[in-house]
Amino acid sequence: MSNELEKSGELDLQAILKKAEQQTDFPDVPLDEFTPPTYEEWKEACITLLKGAPFEKKMYTKTYEGITFDPMYFRKDTEDILPKGEFPGMGDYLRGAQPSGYVGRPWGIAQSCDETSPKENNELLRHEQEKGSTVYNIRLDKATLAARDVRKAETPGDEGVSLTTLDDVHTLLEGLKLDKYPLYIYAGATALPMLALAVGALKSSGTDLKQLKGFVGANPLGALVEEGELPASLDKLYDEMAEAAKWAKENAPGLATVFVRSDVFSRGGANDVQEAAYALAMAVAYLRALMDRGLTIDEAAKQIVFGFSMGANFFLQIAKLRALRPLWAQIVEAFGGSQEARRMHIHAKPALFFKTVYDPYVNMLRNTTEIFSGVVGGIDSFESSPFDEPIRKGDEFSRRIARNVQIILQEEFGLLQPIDPAGGSWAVETLTKQMKEKIWEEFQKIEAKGGILKALQEGYPQDEIASVLSARFKAAETRKDRIVGNNMYPNMTETLLDPRPEDVEEIKQQRKAEVESYLADIDEQFKEEKLAELSSAKAGVTEAAVAAACAGATIEELAEALHGGNKGEEQVKAIEPHRWSERFEALRKLTEGFKAEHDDNVKIFLANMGPIPQHKARADFTTGFLQVGAFEVLGNNGFQTVEEAALAAKESGADAVVICSTDATYPEIVPALAPKLHEVLPKATVFLAGAAPQDMLETYNQAGIDEYIHVRANCYQILQLLQKKKGMIA
């Protein structure tokens, strides 16, 4: 019976939809009763609602990129920049890289697979594909990225899969549908050792290399600024980049070998202009290096895939991607590239900088907005990070949530349908123009210094990013930037997620046994011959590397033969990775550690004066302010006299007291209560909730107010002060 009802309901719905599609005559609905307000009228209404707060300060939002968001955008102001004569997939690709957008060609769902064991990572890759991923995205551990034998690695599998031999890579890639789904591998400073192992493994399994898509990509300048040095000279690495590119052009035309990854800048705290401009500058350096080594501009440009981080400012992320495509097209055109060569391939992922350890489930929301902005901006593929990324490797739950966000956006939210959904938006078009101008200006500064390498050696990008990072930390300290669950709205009942640390020694022994079992059957003399051929090869270097890999050479032996003992000469100041919440996380962990060790905590007594309506607003604000440090806040329903408040404060034995009431009552309460609090609790810090009026500041200070807690106060410094007084900080 229920099936019949369902079928009946479905038929009724289809009939309704069919009837709706056939209707073409719609009644005219006059809107004469509504009078369109003018901007001046709207502004006056806003000023009234702001109750004296300055309109220009409250309604205009400044960003770290030096761009100010207007409260409202108008067609008359954007008429000249609207892309009226441009279409997606054409011109400078402002409106998208493909004429049909995602219709018929959805963006790639590229969930990162980072299991330590090649076998387990292979299982994860296949599982991800079965559950909806459309890209095999493999993350390598640090040792593999550095082309280091796992037997010498300190922490194998720390950030991804551990690979040393051809057998490892064969196990990793076995059974993957590489004729159908792209393969993504970021290979570090040089792609050749990893490419040789991958090609050798695929050849042995009979894979048609011409069907390969995706990239096995190098980013030597990114590795340089991440580590501060390189395993070989940049010229040598450029030689290897060119050899890999030439091989791919002839043997695997769908495979790119350069991956311009911007996350080293993003994780350092860079703003979106800096991230984009420095990534473009790296790509230009690679174009020049490849062309100097015999590739045409079209061949060189085709080898480059870009990877960007999607940050917290939703509209700027859309504008950033829309600005980058025409800028790259302009650059490639200046080199003489064809229309097709100017097309930019963009892979993106949520910015790790904006993810938190405390209240990590909020990361799901952050990731979702960042995916959304990337899709609207026109990405080609997206890697949705698990919400627990800052804490540990993902598990089945966190990976499923991350993957399904993209699937929901595609299948249920209908984001495959609109082509250039931001096109024509007065706000987004304006922001895109501003981003283009600022990115280009910053890019030109790098070029004027002689290119990205010389700029890095000078320390210019590092200093510029450090300045933005400092501003971000300052804004977090004063809670101008609100980090939910960290510097605002902390969850005091939260239990941190288990980091699930891997048994490093067990992994070392297991991986060592796997590698040595494979190498036991290797003909050492033959291997050494092939490595010698690789070392002396002047042409066909990639094929020589593949032959050495098939002969049993490890990734480290391949790298050593390729580099020829050539050590890296270039050194720059590395950009350290950060997260915007890290200082508050460290502060809170310090409190929790002290509490666990000493069974004690910073105790804050709220001297709430008067009835509840009189003190509640500031008491609630103060409680949230101080709980950011995981302190114990002692609340109450208020006191009628200063004597009652002082006595209760004394009995609490608190480390600090906060007087909470109203500006109107403070002139009477503070001079009477503050001295009594210092008398009954001589070592306590006395705070006043709220900012003191200028004419009362001296009076309150003389009465004994040590600090003030208000919306502009430096939360971090105040909490750290209390920790120091408690002895948590030496």
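Leaving aside its neighbours within four places in sequence, which residues is Ser 381 in contact with?

## Ser 381 and strand β11

This is a predicted model. In it, Ser 381 is in contact with Trp 107, Gly 108, Tyr 184, His 345, Ile 346, His 347 and Ala 348, once neighbours within four places in sequence are set aside. The residue sits in strand β11, which covers residues 381–382. Ser 381 counts as buried because its relative accessibility is 0%, and the cut-off for buried is under 20%.

One of these contacts, His 347, can also be placed by distance. Ser 381 and His 347 are 34 residues apart in sequence. Their C-alpha atoms are 4.8 Å apart in space.

## The nine-stranded sheet

Strand β11 belongs to an open sheet of nine strands. The order is β3-β11-β10-β9-β8-β7-β6-β5-β4, and the pairing is parallel. Which strands form the edges? They are β3 (108–109) and β4 (112–113), and each pairs on one side only.

Further into the order, β9 and β10 run parallel and are joined by five bridges. Strand β10 covers residues 346–350. Met 310 stands opposite Pro 350 in β10.

## Two nonpolar cores

The largest nonpolar core holds 88 residues. Trp 107, Leu 280 and Trp 328 touch the most other members. Helix α12 gives the most to this core, with 15 residues. A second, separate core has 60 residues, including Trp 580, Phe 594, Ile 604 and Phe 687.

Leaving aside neighbours within four places in sequence, Trp 107 is in contact with Tyr 102, Thr 134, Val 375, Ile 379, Asp 380, Ser 381, Phe 382, Gln 406, Leu 409, Gln 410, Leu 415 and Leu 416. Ser 381 and Phe 382 in that list are the residues of strand β11.

## Strand β15

Phe 687, one of the residues of the second core, lies on strand β15 (residues 685–689). Why is β15 described as largely enclosed by the rest of the structure? Five of its five residues are buried, so the strand is largely enclosed. Both faces are covered. Thr 685, Phe 687 and Ala 689 are on one side, Val 686 and Leu 688 on the other.

The partner is strand β14 (residues 656–660). The two strands pair in the parallel sense over four bridges. Ile 659 stands opposite Leu 688 in β15.

## The second largest pocket

The second largest pocket contains about 1,500 Å³ of space. Of its 45 lining residues, the closest to the centre are Thr 61, Lys 62, Tyr 64, Lys 480 and Asp 481. Elements that give two or more residues to the lining are α3 (55–59), β1 (61–62), α12 (272–292), β9 (304–310), α14 (314–334), α15 (362–377) and α19 (460–477). By class, the lining has 19 nonpolar, ten polar and 16 charged residues.

Thr 63 is in the loop between β1 and β2 (68–69). Is this residue buried or exposed? Thr 63 counts as buried, because its relative accessibility is 15%. Setting aside neighbours within four places in sequence, Thr 63 is in contact with Phe 69, Asn 313 and Leu 316.

Val 468 is found in helix α19. Val 468 is buried too, with a relative accessible area of 9%. Its contacts beyond four places in sequence are Tyr 64, Gly 269, Ala 270, Asn 271 and Gln 274. Tyr 64 is also among the residues closest to the centre of the second largest pocket. Val 468 and Gly 268 are 200 residues apart along the chain, and their C-alpha atoms are separated by 9.2 Å.

## Two loop residues with positive phi

Lys 51 is not a glycine, yet it has a positive phi of about 55°. Lys 51 is in the loop between α2 (39–50) and α3. At 76% relative accessibility, Lys 51 counts as exposed.

Tyr 489 is not a glycine either, and has a positive phi of about 50°. Its place is in the loop between α19 and α20 (504–519). Tyr 489 counts as exposed, at 52% relative accessibility. The cut-off for exposed is over 50%.

Conventions. Residues are numbered from 1 along each chain as its sequence is written. This is a predicted model: local features need pLDDT of at least 70, side-chain atom pairs count only at pLDDT 80 or more; totals for chains, interfaces and linings use all residues. Side-chain values use heavy atoms; hydrogens and water are left out. On a 1 Å grid over the protein atoms alone, a cavity is a set of points where a 1.4 Å probe fits but cannot get out, and a pocket is an open set with protein on both sides within 12 Å along at least five of seven lines; lining residues have an atom within 4 Å of a point. Grid points are joined across faces, edges and corners, and a volume is the space filled by probe spheres set on the points. Ala, Val, Leu, Ile, Met, Phe, Trp, Tyr, Cys and Pro count as nonpolar, Asp, Glu, Lys and Arg as charged, and the others, Gly among them, as polar. Buried means under 20% relative accessible area, exposed over 50%, partly exposed in between (1.4 Å probe, protein chains only). A nonpolar core is a set of buried Ala, Val, Leu, Ile, Met, Phe, Trp, Tyr and Cys residues joined through side-chain atoms within 4.5 Å. Contact means heavy atoms within 4.5 Å. Two strands pair if DSSP finds at least two bridges between them.
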